[in-house]
Amino acid sequence: MIKPVETRNDLPTALLRALGDPIRLRILRLLEREELSVGELSRTLALAQSRVSNHLRVLREHDLLAERHAGTSTFLRLGLESATGGTGNLAARLWGALSADLGEHHADLERLRQVVAERREVDPEFFDRVAGRWDTIGIEFASGQARQRAVASLMPAGQVWGDLGCGTGYVARAMLGLCARIVCVDSSAGMLAEARARLAEHPGETEVDLRLGDLDALPIGEGELDGAVAAMVLHHLPDAAGCLAEVFRVLRPGGTAVVVELDPHREAWLSAELGDRHLGIDAQAVAAAFSAAGFEAVRMEALDDRYRPAPPPGQEALPGGGLPLYTLRGRKPLD
Ligand SMILES: C[S@@+](CC[C@H](N)C(=O)[O-])C[C@H]1O[C@@H](n2cnc3c(N)ncnc32)[C@H](O)[C@@H]1O
């Protein structure tokens with residue numbers, strides 16, 4: 001004999017069946033709005049009282065009715081209080097009932113674990129599918145430094161680098177943690193004081209060595225540096241040759257020098273505002289000066305970045321969102 005299934009009223013399907021009948025739903029909608037006796041209810045529904053009573057019995061079994069007795073009459077209304085003590089609304093009760101223990105659910109969970117594990121294992125086409133839109137999916141890091149710092153960490157340990165014309169230590173700040181010692185040189189004691197303050201905010205393993213001096217006569221011993229940066233400083237000097245000869249002297253054989261410079265421009269106000277002696281410098285001229293100083297493997301790279309000094313009042317904003325920048329680097333030969 002086939003056993004009838006789900007005959008117990010505590011099964012979620014029984015509650016759903018109780019709610020799934022159109023007449024019972026009409027009854028609940030009326031009792032939500034108005035407290036009614038059985039007689040009033042049957043007149044409102046235009047149904048025989050016996051039929052209505054049968055439906056009320058089903059609703060009572062599921063605690064869906066609240067009753068009030070007055071004399072010989074009984075008044076009914078929608079009862080959302082649960083007989084098990086809960087006072088949640090109908091949706092919560094329904095979900096509670098649906099989440100009740102179903103025999104098959106445990107077996108479902110077992111299979112679910114397996115299905116999810118398989119999904120995580122390998123999806124060989126995943127990256128092929130997203131490759132085209134990968135860069136627009138939102139993979140930016142907050143400061144934009146993470147990848148650069150990671151790659152810079154591949155530098156050999158224990159190096160000594162120079163930040164020549166260091167100003168307020170903007171470049172030296174980026175060197176912190178990546179080399180053993182930074183030698184910062186500037187001809188302005190005020191700038192060196194600012195650099196000292198900035199670099200002291202980030203104490204770390206890198207020793208910071210601040211020296212007052214001129215780029216044409218660097219206060220650095222021959223071969224003392226493994227690498228040197230002169231950022232935004234050549235355009236302050238009468239010419240690049242004297243400085244690059246000095247940089248060549250203070251690098252060890254095989255050491256690298258890098259300059260960051262502005263392309264030639266027409267913003268004459270930069271002379272008054274920022275003390276610029278030249279309005280940018282032609283990269284070819286700097287490359288020639290590198291070679292003349294003895295550097296090899298001289299290479300120029302246009303930067304995907306702009307120099308954006310704030311214009312003084314009355315001065316138009318810079319065209320193109322800022323002035324183009326480039327780097328130029330060269331290596332001191334090993335012999
Ligand atoms: C525009 S700032 C650049 C600072 C820093 N390198 C940077 O990129 O933010 C130029 C710096 O070069 C310094 N400077 C100018 N002429 C110099 C010279 N002949 N010798 C040493 N430092 C000089 C100035 O004092 C100033 O701090």
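First, the ground rules. Residues are numbered from 1 along each chain as its sequence is written, and side-chain values use heavy atoms, without hydrogens and water. The model is predicted, and local features need pLDDT of at least 70, side-chain atom pairs count only at pLDDT 80 or more, and totals for chains, interfaces and linings use all residues.

On confidence: pLDDT is the predictor's confidence in each residue, from 0 to 100. The protein has a mean of 87, with 91% of its residues at 70 or more. Residues 1–9 are below 50, and beyond near neighbours in sequence this stretch has 7 contacts in the model (heavy atoms within 4.5 Å). Residues 82–87 are also below 50, with 5 such contacts. Where pLDDT is low, the predicted coordinates should not be read in detail.

Now the ligand. There are 17 residues around the ligand, meaning that a heavy atom of the residue lies within 4 Å. Gly165, Gly167, Asp186, Leu215 and Ala231 come nearest. By class, this shell has 9 nonpolar, 6 polar and 2 charged residues; Ala, Val, Leu, Ile, Met, Phe, Trp, Tyr, Cys and Pro count as nonpolar, Asp, Glu, Lys and Arg as charged, and the others, Gly among them, as polar.

Which atoms of Gly165 and Asp186 lie by the ligand? For Gly165, a backbone N or O atom is 2.8 Å from a ligand nitrogen. For Asp186, a polar side-chain atom is 2.6 Å from a ligand oxygen.

Last, the aromatic rings, which pair if their centres lie within 6.5 Å; planes under 30 degrees apart are stacked, over 60 edge-to-face, and the rest tilted. The count is 4 aromatic pairs. Phe126 and Phe127 are edge-to-face because their planes stand at 85 degrees, with ring centres 4.9 Å apart. Phe248 and Phe295 have centres 5.1 Å apart and planes at 90 degrees, so that pair is edge-to-face.

How values were computed:
A polar contact is a pair of N or O atoms within 3.5 Å; within protein, one must be able to donate a hydrogen and the other to accept it, and residues adjacent in sequence count only if both atoms are side-chain atoms. Rings of Phe, Tyr and Trp (its six-membered ring) pair if their centres lie within 6.5 Å; planes under 30 degrees apart count as stacked, over 60 as edge-to-face and the rest as tilted.
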